[in-house]
Amino acid sequence: MPPRRSLVLCYHAVSPTWEHRLSLKPDLLLRQVRALSRLWTVHATFDDAFRSAASVFPALERLGVTLQIFVCTRYARAGAPLSIPELAGDDPAQLATMSWDELREHADRGVRIGSHAVSHAHLTRLSDDELRRELEDSKGEIEAELGRRCPELAYPYGEHDERVRAATQAAGYDRAYALRGSKGDAYALPRADLYRRHTVPRTLIRALMT
């Protein structure tokens, strides 16, 4: 029997009360993953390092799912709320991110920690110098704080172009995740991003399209 295909999922926040498209209720997320795990080897990634995401980590680990957090380093310094224009006015408690202490605890348990740049900027809109700092500074801070190499990046908003991909490689990353990507390009790897609108049937269709 051939090995099952690997599937990388992209999630954000996990909350029973935050009614935002980026936030899934825990039971829905687990239903999605259980269904996908019957057909794929699942790797669940969580962009933005929202503190709420950790609530489902134990259950996902029991399902045999590998976990990865992509962190914006500016916010990890204090576990600060993710303050980007797209989330302006939302509840700061729901936007709280993981601190370095929390990220170290997750890393020590085997959760991979990757970069989501420094500030969650739109990388394609930055100057060359700004882009370099977002990529290099975040990688360097993660490695200094966690004491281990950071080989992976997830592009904020999933946005990338040829210049961003080249800068990512030059910054020393081995690979980078987009959303709509190409399995043949290590710096534009695809992920299936799932949201609260994705029932189990829609989740399966989404995965097949990734």
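Me: What's the lining of the largest pocket made of, by class?
Reply: The lining of the largest pocket has 10 nonpolar, 5 polar and 4 charged residues, where Asp, Glu, Lys and Arg count as charged, Ala, Val, Leu, Ile, Met, Phe, Trp, Tyr, Cys and Pro as nonpolar, and the others, Gly among them, as polar. A pocket here is an open set of points on a 1 Å grid over the protein atoms alone, with protein on both sides within 12 Å along at least five of seven lines, and lining residues have an atom within 4 Å of a point.

Me: And which ones lie nearest its centre?
Reply: Of the 19 residues that line the largest pocket, His12, Arg21, Leu22, His120 and Tyr157 lie nearest its centre. This is a predicted model, in which local features need pLDDT of at least 70 and side-chain atom pairs pLDDT 80 or more, while totals for chains, interfaces and linings use all residues. Residues are numbered from 1 along each chain as its sequence is written, and side-chain values use heavy atoms, without hydrogens and water.

Me: OK, the second largest pocket: where does the largest share of its lining come from?
Reply: That share, 3 residues, comes from strand 1, residues 6-11, a strand being a DSSP run of E with at least two residues, numbered from the N terminus.

Me: Is strand 1 mostly covered or uncovered?
Reply: Strand 1 is mostly covered, with 5 of its 6 residues buried, that is, under 20% relative accessible area with a 1.4 Å probe, counting protein chains only.

Me: Which strands does strand 1 pair with?
Reply: Strand 1 pairs in the parallel sense with strand 4 (residues 41-47) over 6 bridges and with strand 9 (residues 192-193) over 2 bridges, pairing needing at least two DSSP bridges.

Me: What stands opposite Tyr11 and Cys10?
Reply: Tyr11 stands opposite Phe46 in strand 4, whereas Cys10 stands opposite Asp193 in strand 9.

Key
1 Å grid on protein atoms, 1.4 Å probe; cavity = no way out; pocket = protein on both sides within 12 Å on 5 of 7 lines; lining within 4 Å. Helix = DSSP H or I, 4+ residues; strand = E, 2+ residues; numbered from the N terminus. Buried < 20%, exposed > 50% of the residue type's maximum accessible area, 1.4 Å probe, protein only.
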